[in-house]
Amino acid sequence: MSELKKIPVILDGDPGHDDAIGWTLAQGSGRFDILAVTSCSGNVGIEKTTYNARRICTLQGIDAPVAMGRPGPLLSDPITAGNIHGQSGLDGPALPEPAAELSPLGAVELMAQVLHESTEPVTIVSTGPQTNVAALLLAHPELKEKIACISLMGGGIAYG
């Protein structure tokens, strides 16, 4: 029986509990080649979501560069969900400190680099606000053909 080819992905999110579980499943499935992880402001502010992304990568053995995204939405003020995920964005479980340094590139730059360098289209799995994806497509429209698809966890217009 032949081995399935891994799907190249960029994980983009605002890690609270939902993203953490999704990223854990992605890593544990063995079906994905995680090329990069990018954070966005959402459940909590960008500094906390970036820290959480790095801790989840350390916990799950995700060996990919992690980059910080924009501090808020393109056209409005940020809305956070500390009342749902706690003040840290991941209240509850004890997580390790990040093992790897944060990428010197911002999220959009890292996403663009990964897409540009990939020999095949890459799937973007976006489990938070779509700010980084929107900024990527605005800044680098020439790279849209390098995106296999965008798989997103949707929300509502008013309440996430």
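**Helices and sheet in a predicted model**

Helix α1 passes α2 in a right-handed crossing, a label given when the near helix is turned clockwise from the far one by less than a right angle, with anticlockwise counting as left-handed. The model is a predicted one, where local features need pLDDT of at least 70 and side-chain atom pairs count only at pLDDT 80 or more, while totals for chains, interfaces and linings use all residues. Residues are numbered from 1 along each chain as its sequence is written, and side-chain values use heavy atoms, with hydrogens and water left out.

Helices and strands here are DSSP runs numbered from the N terminus (helices H or I, at least four residues; strands E, at least two). The axes of α1 (residues 17–29) and α2 come within 10 Å and cross at roughly 35°; axes are lines fitted to C-alpha atoms, for helices over the stretch in contact, with angles from 0 to 180 degrees between N-to-C directions. On the α1 side, A20, W23, T24 and Q27 meet A53, I56 and Q60 of α2, where contact means heavy atoms within 4.5 Å. That set splits into four nonpolar, three polar and no charged residues (Ala, Val, Leu, Ile, Met, Phe, Trp, Tyr, Cys and Pro are nonpolar; Asp, Glu, Lys and Arg charged; the others, Gly among them, polar).

Helix α2 (residues 46–60) also holds N52. With 0% relative accessibility, N52 counts as buried, buried being under 20% relative accessible area, exposed over 50% and partly exposed in between (1.4 Å probe, protein chains only). Its side chain reaches the backbone oxygen of P15 at 3.2 Å. Leaving aside neighbours within four places in sequence, N52 touches P15, V44, S88, G89 and L90.

Now for the sheet. Its five strands form an open sheet in the order β3-β2-β1-β4-β5, with parallel pairing; strands pair if DSSP finds at least two bridges between them. β3 (66–67) and β5 are at the edges with a single partner strand each, so one side of each has no neighbour in the sheet. Two bridges join β2 to β3, and V37 has V66 in β3 as its bridge partner. Helix α1 lies across β1 and β2, at about 155° to β2.

Helix α4 (residues 107–117) and helix α5 (residues 131–139) have axes that come within 9 Å and cross at roughly 60°. The residues of this contact comprise nine nonpolar, one polar and no charged. In α5, T131, N132, V133, A135 and L136 are buried; the buried residues of α5 pack against β1 (7–13), β2 (32–39), α4, β4 (122–126) and β5 (147–152).

Note on methods
Polar contact = N/O pair within 3.5 Å; in protein donor to acceptor, adjacent residues only side chain to side chain.
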